[in-house]
Amino acid sequence: PFAPAPLRSYLPRPESTQSRIPTHPRPVARSLYNHSILSVTQFDREQLHYIFGVADDMTMMVLRAGRLDLLKDCVLATVFHEPSTRTCMSFVAAMERLGGGVISSYAEFSSVQKGESLTDTMRTLEQYADILVLRHPLPGSAALAAKHCRKPIINAGDGSGEHPTQALLDVYTIRQQFGTVNRLHVCVVGDLKYGRTVHSLVKLLAMYDGVELTYVSPPELKLPSDISEEMEKKGFQQREVHTLNGFKEILPLVDVLYVTRIQKERFKNIDDYNRIKGAFIITPELLVKAKERMIVLHPLPRVDEISPDVDSDPRAAYFRQMENGMYIRMALLALVMGRV
């Protein structure tokens with residue numbers, strides 16, 4: 001009941017009307033128009049399904065036409081104060097697939113080096129762009145920027161806080177595989193303390209029914225208690241596992257294996273990192289007893305937590321997951337700009 005407008009509504013029109021494609025008066029679409037995307041907690045199920053429906057249409061559009069001109073009159077500013085490959089490039093690709101322009105700012109080449117504040121940087125860049133994507137090492141930085149800017153901000157990762165667009169593409173990929181998220185057993189492995197992708201994913205999974213969650217990590221990197229306590233209040237079944245043997249025991253029951261790297265950059269003491277970095281490594285041998293329809297996801301980049309030998313396993317979905325990131329971000333850009 002919440003399907004987006006038909007694909008034909010997005011396809012290129014004669015030159016005289018290309019920049020005047022009408023918006024669709026659906027309340028769910030209006031609820032996203034000109035709004036910043038800061039946290040997964042701002043969404044409800046209706047909005048999620050609408051976003052996923054638009055992403056489906058964007059997928060078909062890329063296959064059929066390659067690109068649209070929905071945002072031909074818009075400019076995106078990507079503002080990255082931490083390294084990024086997939087998030088940055090997928091936002092650039094998404095905007096270009098939609099016909100828009102992109103300007104980019106990186107901390108090492110900006111006036112941040114001269115002591116400029118984040119809010120001044122963002123208020124400057126919004127003079128040149130219609131929508132901004134921000135990655136920053138400080139938790140809450142995207143919300144801070146949104147408070148001071150007139151233009152919408154999309155959070156592309158705020159330190160150890162959240163990464164909402166990653167969680168959206170993760171759940172979108174899960175729905176592609178299983179047709180639903182309800183009543184699945186999701187196991188997240190790795191750095192659950194600092195892993196913003198995990199924080200956003202778990203919060204998003206809270207919107208679905210009967211999801212079972214297993215958290216596998218070294219004790220030092222377990223999921224923050226405020227997140228697990230909130231899930232407990234909502235009645236979700238959760239368990240923590242901190243040993244390899246415990247992980248092996250639970251693996252045959254898992255539908256979605258979500259692996260994250262141990263984040264070296266979050267450690268103050270390199271010895272602590274070296275001690276725990278190889279605690280849980282996914283290998284073909286480990287997956288022998290896993291379900292045939294189970295999928296392995298990873299937000300990437302990986303270091304050594306998934307063996308390259310797993311890439312040929314049909315259950316390895318992380319590169320398809322990354323492709324989905326472009327379609328989800330295309331959908332978000334078009335929705336926030338009010339074009340679908």
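Predicted model: local features only at pLDDT ≥ 70, side-chain atom pairs only at ≥ 80, totals over all residues.
Before you start, residues are numbered from 1 along each chain as its sequence is written, and side-chain values use heavy atoms, with hydrogens and water left out. Local features need pLDDT of at least 70 and side-chain atom pairs pLDDT 80 or more, while totals for chains, interfaces and linings use all residues.

**Stop one: a helix pair.** Select residues 164–178 (α6) and 318–336 (α11); helices are DSSP runs of H or I, at least four residues, numbered from the N terminus. The two pack at about 115 degrees, with axes 8 Å apart (axes are lines fitted to C-alpha atoms over the stretch in contact, and angles run from 0 to 180 degrees between N-to-C directions). Now show the contact (heavy atoms within 4.5 Å): α6 brings residues including L168, L169 and Y172, and α11 brings residues including M322, I328 and L332.

**Stop two: the largest pocket.** Centre on R135, R196, R261, L300 and P301, the closest to the pocket centre among 23 lining residues. Its volume is about 470 Å³. A pocket here is an open set of points on a 1 Å grid where a 1.4 Å probe fits, with protein on both sides within 12 Å along at least five of seven lines; lining residues have an atom within 4 Å of a point. Next, colour α3 (86–97) and α7 (196–205), which each supply at least two lining residues.

**Stop three: the second largest pocket.** Select T41, K203, A206, M207, D226, I227, E230, M231 and K234 to see its lining. This pocket has a volume of about 180 Å³, and α8 (residues 225–233) gives the most to the lining, with four residues.

Conventions. Points joined across faces, edges and corners; volume = space filled by probe spheres on them.
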